[in-house]
Amino acid sequence: MPIKKSGLKKHSPLKKSKFLLSWSEAAACGPEIAGGKGWHLGRLAQNGFLIPDGIVLPVRAYQEYVRNNGMAGLCKKAWSLYRTKAGSEACAAALAEVKARFMEGDFSPAARKMLARAFAKMQSKGAFLAVRSSYSLEDSSLASCAGIFQSILQVRGQEALFAAIRQCYASAWTDQALAYLLRKECSPGSMAVVIMKMVSAAAAGVAVVGTPLPGGAGGIRINANDGIGESVVSGQVDPDDYVLQARLPFPRLLKKHIGRKEYMVVPAAGGGTRREPGRRHKTAVLSDAAIRTLGLMILRCQAVLTAGGSWEVEWAFDGWKFWLLQIRPVVEATPAATGADIWKYSHFAPGIHSPLGWSNFSTFLQDMMEAPMRAVQEDYHPARPLLCLHQGRIYFNLSYLSREMWDYFGVTPGEFGEDFGYPAVSGSQATKTLNSGQKWRRLLVLARMISARAGGEQLLRRLHTATARLTATNLRELSVEGLLQYGGAIQSLLEKHRAAQRVQLLTVYASIAYKAVAGFLRRWFGKKSLRAANSILINAASTQQNPQAYGLEQLAHTALTDTAAKTFFTRRIFRPLDWKKHLPSQSPFGRDFTGFLEQYGHRCAEETDLQNPRWREDPTDLLLCIRALMKDFEGQRTMRVNSQHEHAWREIHKHLGATAVWVLKHLVRHAQRSTALREKAKAVLAYPADALRSLALEIGRRYAKQGWLAEARDVFYCTWPELVVAAVGDSEGRFLRSLARQRQKEYAGYEDVSLAEDLKPAALSTPIVPARTGSKGRAYSCLGVSSGCVQGKVRMIRNVREGFRLQPGDILAAYCVDTGWLPLLLRAAGLIIGRGGYLAHGATIARELGIPAVSNAHALLPRLKDGSRIIVDGDQGEVRIV
């Protein structure tokens with residue numbers, strides 16, 4: 001098996017000689033020196049997050065320790081044996097010898113002196129310490145290493161500190177660590193160590209953000225228990241489970257499950273930890289207000305480290321404030337394990353999206369993409385990510401969406417690809433006929449689309465009226481809290497009218513109406529039916545499906561007959577922004593253009609991003625368009641379109657009888673009206689976006705005045721959670737200035753980067769079949785923690801020593817799974833866990849390895865017979881006995 005190098009990005013080499021690193025130095029050095037954990041914590045500390053006081057012992061210290069204790073050859077031999085003879089007695093003996101040498105070795109006098117000095121400073125007030133691994137690959141996009149290496153809590157005393165560091169070093173050479181590296185096709189790296197003060201935790205736990213959860217793309221899931229978070233991350237208890245949706249001004253709590261919380265982990269008097277019975281079995285660990293505050297902090301973490309992405313966060317609550325202890329990206333299973341996903345550039349949200357634009361639009365776009373499925377299943381949420389931001393551009397998961405559309409509605413990949421204009425999947429056709437569920441869901445979603453079409457005009461009027469009332473507000477008169485409430489009111493307005501879902505249903509319905517025309521003509525025109533449909537659907541003289549385009553044509557015609565306008569447009573040096581200066585108030589063009597801006601000035605090109613000026617602010621694009629139209633007039637374009645339109649109808653009358661022509665005209669009128677309504681919906685939805693842009697600029701103006709931003713426009717390089725946190729005073733806004741500057745530099749090169757149509761080029765060479773095939777037998781509901789569906793023989797394993805009974809293809813069932821089970825998980829086709837929440841290490845590893853898994857199945861396990869065939873459905877959170 002070829003072994004890959006880490007591939008980690010190189011950072012500043014200036015600190016390689018440092019033996020101890022501060023948080024800021026760890027951030028500057030990068031993961032190759034400070035390890036993944038130390039690097040992420042350093043970055044968070046730099047951006048104003050509450051991180052316990054701490055230092056990082058870099059990889060140089062590990063390398064020196066190995067060299068001074070003469071262990072380099074022994075480590076090399078152990079790795080060679082593990083690669084070729086894992087599980088043999090020789091390999092086990094070599095690993096045991098390596099571990100013993102690590103635990104018996106000693107630090108150099110210089111190293112002991114520096115560590116003793118740092119230890120004395122950190123324990124000046126009798127604080128306990130946490131000693132955590134920070135492996136070179138740990139918490140990276142390549143590998144999470146969740147629970148693979150050692151963390152020692154409640155460390156007190158100098159010699160205890162040295163022993164804890166040795167334990168971290170030795171944990172890199174356990175069976176589970178080497179099995180993990182071998183699975184990742186990586187060779188052993190070096191170990192940095194994070195040493196930080198323990199937080200006096202009243203509660204603690206883990207959270208995940210950015211993964212597909214109920215509540216959309218900005219979903220947050222939090223697991224919590226009293227005491228130290230070890231009980232949650234180990235998966236030994238049923239913790240509280242909170243699900244939130246990202247919204248302004250604070251995340252919204254969607255779901256709150258009160259866990260049994262069988263026990264809690266608390267500090268032991270002389271060091272270390274101990275268990276105590278749980279205190280709150282029927283009440284929540286955190287209040288609703290505290291949950292929302294934590295959710296906002298988690299969203300800000302995501303924004304600081306990446307523009308989106310999925311992250312797992314370990315946190316602690318001291319009764320007053322939330323502290324961050326660790327953060328790592330969620331590592332998805334490799335394409336080979338889950339089937340290669342095709343990520344396509346979203347032509348319906350084009351352009352470079354600023355961080356603020358992405359944080360504003362991603363949830364809305366997610367809701368739109370989920371709309372067809374939500375129309376037939378209210379609690380639908382995808383099992384895989386639907387959206388991502390790459391180099392400022394939005395991509396969507398075409399292959400997963402096409403699978404969902406087939407699964408739910410029987411829409412073939414070819415049909416789906418054609419509808420979206422992506423030929424990469426147009427050649428694939430599903431061969432199976434529609435089942436009863438697909439037929440029923442088709443009828444149901446069609447009924448919902450017809451309902452949306454019938455009430456579309458009324459909905460848009462209500463939405464427009466309500467938005468107009470909001471936009472009449474003078475933002476400069478509002479307090480900071482008032483500005484936040486204003487933003488929340490805009491989002492609540494969209495949610496109240498379910499704007500994203502209804503607009504998407506209108507869009508799909510318009511597409512169906514168009515396809516009905518083309519399908520009707522196919523009998524007579526064959527392959528030319530699409531061209532004929534286009535010709536008869538577009539009639540520039542009468543339909544006005546795009547009123548903005550029609551209005552610009554009229555303005556061009558007016559400019560040709562207006563002497564002042566004609567002079568303005570034909571000036572040798574054309575300055576569009578001077579139009580008011582050169583056009584007198586009595587100018588017909590000036591009057592009509594002012595009216596056009598009053599009606600459509602809230603729109604612009606690439607309006608999904610808030611940083612783009614609206615036409616009202618900068619009409620340059622409009623005026624350049626009018627200038628170009630003037631050169632192609634007197635009505636030449638309109639005459640060409642109408643000529644094509646009339647010619648198409650003449651051809652139709654030659655081939656179709658009177659009755660068929662009557663039916664066709666009815667279909668055409670319906671398609672035209674549906675298309676016009678879709679365009680009107682887009683125009684109405686641009687009003688809230690315009691209002692949010694005004695809000696952002698007002699916040700930017702105030703932050704620039706306070707010195708938190710260099711100028712008001714820098715606000716577009718922040719995200720809404722960051723702006724809210726600065727406004728409410730939970731964190732000073734000074735971090736925004738450097739963060740915005742850093743992102744500006746990053747975005748500066750995106751325009752010059754060639755657009756990648758595919759992020760993971762692939763082809764769907766096999767028919768897509770339903771994921772939910774249905775089966776006879778009993779089904780048991782569990783908690784789905786890793787997506788996928790698999791059938792196999794269940795093997796009840798009580799402990800690791802019984803692992804020899806697990807054969808490849810078997811489904812592993814156990815009451816509790818921790819990271820020590822990794823060698824077994826690598827052989828398992830599916831996983832059933834008796835206890836543990838969504839964010840326990842077992843669930844994390846299952847997701848990373850692409851193993852379908854369910855949890856909280858403790859009541860089911862006694863019913864399972866060893867060796868019987870079952871189905872584990874991680875998507876539905878079910879176990880079915882075949």
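This is a predicted model: local features need pLDDT of at least 70, side-chain atom pairs count only at pLDDT 80 or more; totals for chains, interfaces and linings use all residues.
Trainee: Which residue of strand E3 is the bridge partner of Val 131?

Mentor: Strand E3 covers residues 151-155 and runs antiparallel to E2, with three bridges joining them. Within E3, Val 131 has as its bridge partner Ile 152.

Trainee: How many of the seven residues of strand E2 are buried?

Mentor: Leu 129, Val 131, Ser 133 and Tyr 135 point one way from E2, while Ala 130, Arg 132 and Ser 134 point the other way. Residues on both sides are buried. Strand E2 is therefore largely enclosed by the rest of the structure, its buried residues numbering seven of the seven.

Trainee: Is Asp 241 buried or exposed?

Mentor: Asp 241 lies in strand E7, residues 240-245. The cut-off for a buried residue is under 20% relative accessible area. Because the relative accessibility of Asp 241 is 7%, this residue counts as buried.

Trainee: Which residue's side chain does a polar contact of 3.0 Å join to that of Asp 241?

Mentor: Leaving aside neighbours within four places in sequence, Asp 241 is in contact with Arg 221, Ile 222, Asn 223, Lys 255, Lys 256 and His 257. The polar contact of 3.0 Å joins the side chain of Asp 241 to that of Asn 223.

Methods
Residues are numbered from 1 along each chain as its sequence is written. Side-chain values use heavy atoms; hydrogens and water are left out. Buried means under 20% relative accessible area, exposed over 50%, partly exposed in between (1.4 Å probe, protein chains only). Helices (H or I, at least four residues) and strands (E, at least two) are DSSP runs, numbered from the N terminus. Two strands pair if DSSP finds at least two bridges between them. A polar contact is a pair of N or O atoms within 3.5 Å; within protein, one must be able to donate a hydrogen and the other to accept it, and residues adjacent in sequence count only if both atoms are side-chain atoms. Contact means heavy atoms within 4.5 Å.
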